[in-house]
Amino acid sequence: MSRLTAATRAHARSFVRDPVNLAFLFVFPPVVVQVYGQAMERFPELSLGSDPGTVGSIAGTLFATAFVAGLIGLFQLLSARRGDERLLIAGFGRSSLLASRLVTLVAATLVVAAVSLTVLSLGTDVAAPGLAYAALVAGGLTYGLIGVLVGTLLPRDLEGSLVLVFLADMDSALSSGVMAVDTAVADVLPLHHPHAAFSEAVTEGSIAAGDARAVVAYLLVLLAAAFFAHRWVAGDGGERA
Amino acid sequence: MPNTTKESADVVLRASNLAKTYDSWLPFGRRVEVLDGAALQLEAGEIVGIVGENGSGKSTLMQILVGALEPDAGSVDVSGSVGWCPQETRLYDRLTVAETFDLFGEAYGLDDAEVGAARDDLAERLDFERFLDYQVRHLSGGNRQKVNLAVALLHDPDVLFLDEPYTGFDWDTYLAFWDLTEELVADGTAICVISHLINERQRFDRIKELREGALHDDGGEEP
């Protein structure tokens, strides 16, 4: 068994044995999708270009996936920090440990995206489910990596959670199109392109190439930033001979 | 991380001129000078105690010796493998005891058979066999400390650092602990025990006191 496999298995076991994690994966998304959809239906006078309930449900689906993935990314690092330090002293490579955390994050994101999309599809016609799922997973991973970054650079439960809540809420509100904001800042927010891609996949059945490229580029930049931040904060931590 | 270099036959650890200050970049932060010129040498087959009053920097020193913390100055050279039993258990709460051994065995580079043999031996000697299927968070403080110690011993290290190792032990486990350490010392393991209170000085080859940031020979009498 490789070190990566051993660490991934251990992290996955720890993850699924925490009921709070399971609640975030399976309970939080349905609630958010429903609340967003029903809340937006109360404002039919908004000029959103399509049914307000659908706009709300789409925004809620992306927010639920991204926020849960962000929290998982954050607490993947924070909750096991002390144990990880000891494991590194025992001989684990820092890169192996980070990679195992990312594997767990990806798996959890796939699950929460599937749950969220299933809930959305119960009340909304999804034109291209495969593309929509891909866009949703990309949005989730974007925030998952942001959670990893925050957990690395601000390793405190309360402060890290507040940063994530503030960023995700503001990002969701601005990227969903509910508020007519046309600034360069809104265009570079993490959910801007994932929201555009997800909306296109749900309503039109295709994703604009520009949005797809931007989503992938954003993910790659965040992945590199998370990796380098991890090494910068903790030193090289190479494998002990 | 400590440098792993070839030392003379008996010296397994040489720490020189260690300095560490905790500082804050925030206004009104407190600057605390913890270590200033601390030095320690450990030889194979000896057991050394380090004492010091609360807040003297014992745990900081140990974290530097094992490589968990970078000193501001000085160096630590270690030859051979290192075992570390920290004061806080630093384990994964939702893994079982057996899974914890599997994970750390992987980190130490042991195969499954070696992990199983070492785990079963330590569990029997420290009397936590019946808890192997328990998640760490469900263990009592004393049993958690037994597992904490056993994880440090799993790979039969050449140098063993123990930070307040017998906190929470009952009397039988305390005695089993000393039996175990005497065997390890006889086999050539160098052991460094850090504690705020050392009652049985005859169990140690040397005792050093951490005072004003440096280690001094301790001339305490056997109570």
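Predicted model: local features only at pLDDT ≥ 70, side-chain atom pairs only at ≥ 80, totals over all residues.
Salt bridges make a handy way in. Side chains of opposite charge can pair when their charged atoms come close. Counted over all chains, the structure holds 16 salt bridges. One of them pairs B:Glu88 with A:Arg82, with 2.8 Å from N to O. This pair crosses between chains: B:Glu88 sits in the loop between β6 (82-85) and α2 of chain B, while A:Arg82 belongs to helix α5 (residues 81-90) of chain A. B:Glu88 is partly exposed, at a relative accessible area of 47%, and A:Arg82 is partly exposed too, at 35% relative accessibility.

Helix α5 of chain A turns up again in another pair. Here A:Asp84 and A:Arg101 bring their side chains together in a salt bridge, at 2.8 Å from N to O. Since A:Asp84 is in helix α5 of chain A and A:Arg101 is in helix α6 (residues 94-123) of chain A, the pair ties together parts that are 17 residues apart in sequence. Buried or exposed, then, for A:Asp84? Buried is the call for A:Asp84, because its relative accessibility is 10% and the cut-off is under 20%. A:Arg101 counts as buried as well, at 6% relative accessibility.

Over in chain B, the side chains of B:Arg211 and B:Glu209 meet in a salt bridge of 2.9 Å, again taken from N to O. B:Arg211 is partly exposed at 36% relative accessibility, and B:Glu209 is partly exposed with a relative accessible area of 23%. Salt bridges with shared partners also link A:Arg13, A:Arg17 and B:Glu99 into one network.

B:Asp102 is partly exposed, its relative accessible area being 36%.

Last comes helix α10 of chain A, which covers residues 192-203. Its twelve residues reach 17 Å from the first C-alpha to the last, close to the 16 Å expected at 1.5 Å a residue. Which residues of α10(A) are buried? The list runs to A:Pro194, A:His195, A:Ala197, A:Phe198, A:Ser199, A:Glu200, A:Ala201 and A:Val202. After α10(A) comes A:Gly205, with a positive phi near 85°.

Conventions. Residues numbered from 1 in each chain as written. Chains lettered and ligands numbered in written order. Heavy atoms only, no water. Buried < 20%, exposed > 50% of the residue type's maximum accessible area, 1.4 Å probe, protein only. Helix = DSSP H or I, 4+ residues; strand = E, 2+ residues; numbered from the N terminus. Expected span 1.5 Å × (residues − 1). Salt bridge = Lys/Arg side-chain N within 4 Å of Asp/Glu carboxyl O.
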